[in-house]
Amino acid sequence: MSQWGIIWAARESFFNGFIATLELFIIAAVVGLLIGVVLCYVMEYQNRFVNRVIIAFVSLMRAVPFLILAYLLYYGLPQIGISMEAWTAGLLSLVIYHGAYFFEILRSQRRIFSAGYIEAAVSQGFSRYKIFLRIILPNIVSSALPLMGNQLIICLKDTAFLCIITVQEITAAANSVQSTYFIPFNAFIVAIALYWGVSILLELLIKRLSHYGTKRGMTHA
């Protein structure tokens with residue numbers, strides 16, 4: 001059997017790894033973005049203590065390598081009596097880590113958002129919640145789309161690190177095939193193609209959303 005024939009025979013392993021990667025990525029991206037939005041909303045209240053706690057959390061996540069965080073959750077927490085499955089630990093590490101980065105992206109856009117829009121909304125009797133939901137959030141998300149697109153691709157690539165804590169995703173599938181049949185080139189070419197395909201789809205989606213936001217005038221640049 002040829003090397004590519006072996007890869008085809010192992011297609012179920014790659015398919016299962018691909019599905020696991022998509023599940024991890026989609027859940028982590030959605031929940032992480034929600035965390036970023038919630039933290040950004042909490043910052044609107046200008047509570048000095050709460051804001052310092054949030055900034056400290058974000059600074060910590062920016063300083064800690066993602067793999068160390070995954071190691072800590074999977075291998076470190078059991079020492080204090082908290083155990084979780086590899087998939088759960090991997091997902092939680094992705095959510096926490098990228099949630100902090102999504103918040104930082106949104107916060108950077110919030111800081112340059114024109115105060116005139118908010119003043120106009122206040123004069124019309126909008127509540128703080130409605131101002132954030134209807135005015136601030138759509139605009140800062142629209143202007144942050146290129147940065148968020150990059151962060152989504154980073155999040156996708158970070159799923160590859162989870163093979164180190166035994167999560168059976170794309171990289172783990174490729175590594176299993178290459179270690180069994182000693183065909184690393186073919187196995188990892190397939191893994192690269194799968195990551196690349198998802199990345200291209202993400203780029204196309206971000207471009208469509210950016211175009212839609214521009215047409216709707218959701219920009220404060």
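Among the contacts in this protein (a contact being a pair of heavy atoms within 4.5 Å) that join residues at least 6 apart in sequence, 78% link residues at least 24 apart. The structure is a predicted model, in which local features need pLDDT of at least 70 and side-chain atom pairs count only at pLDDT 80 or more, while totals for chains, interfaces and linings use all residues. Residues are numbered from 1 along each chain as its sequence is written, and side-chain values use heavy atoms, with hydrogens and water left out.

The protein holds 9 helices and 0 strands, where a helix is a DSSP run of H or I with at least four residues, a strand is a run of E with at least two, and both are numbered from the N terminus. Read along the sequence, the pattern is therefore α-α-α-α-α-α-α-α-α. Taken along the principal axes, the C-alpha atoms fill a box of roughly 75 × 45 × 20 Å. Of the 221 residues, 43% are buried; buried means under 20% relative accessible area, exposed means over 50%, and partly exposed lies in between, with a 1.4 Å probe and protein chains only. The protein exposes about 12500 Å², and carbon and sulfur atoms supply 66% of that area, as computed by the Shrake-Rupley method with a 1.4 Å probe.

The charged side chains number 15 positive and 9 negative, and the centres of the two sets lie 14 Å apart. Here Lys and Arg count as positive and Asp and Glu as negative, whereas His and the chain ends are not counted; the place of a charge is taken as NZ of Lys, CZ of Arg, CG of Asp or CD of Glu.

Helix H9 (residues 184–215) contains Asn 186, which is buried with a relative accessible area of 3%. Leaving aside residues up to four places away in sequence, Asn 186 touches Gln 3, Trp 4 and Ile 7. Gly 213 is also found in helix H9, and with a relative accessible area of 2% Gly 213 is buried. Between Gly 213 and Met 148 there are 14 Å in space, C-alpha to C-alpha, although the two are 65 residues apart in sequence.

A pair of aromatic rings is described by the distance of the centres and the angle of the planes. Rings of Phe, Tyr and Trp (its six-membered ring) pair if their centres lie within 6.5 Å, and planes under 30 degrees apart count as stacked, over 60 as edge-to-face and the rest as tilted. A search of the whole structure finds 9 aromatic pairs. One of them joins Phe 66 and Tyr 97, whose ring centres are 5.4 Å apart and whose planes stand at 65°, so the pair is edge-to-face. Because Phe 66 lies in helix H4 (residues 66–76) and Tyr 97 in helix H5 (residues 86–111), this pair ties together parts that are 31 residues apart in sequence. Phe 66 is buried at 4% relative accessible area, and Tyr 97 is buried at 10%.

Tyr 71 and Tyr 75 form a tilted pair, 5.7 Å centre to centre with 40° between the planes. These two residues are 4 apart in helix H4, which means that about one helical turn separates them. Tyr 71 is partly exposed at 32%, and Tyr 75 is partly exposed at 42%. Elsewhere, Tyr 41, Tyr 45, Tyr 129 and Phe 132 form one aromatic cluster.

Gln 46, in the loop between helix H2 (11–43) and helix H3 (48–63), has a phi near 55°, a positive value in a residue other than glycine, and at 62% relative accessibility Gln 46 counts as exposed. Thr 166, in the loop between helix H7 (128–158) and helix H8 (170–181), has a positive phi of about 75° although it is not a glycine, and at 43% relative accessibility Thr 166 counts as partly exposed.
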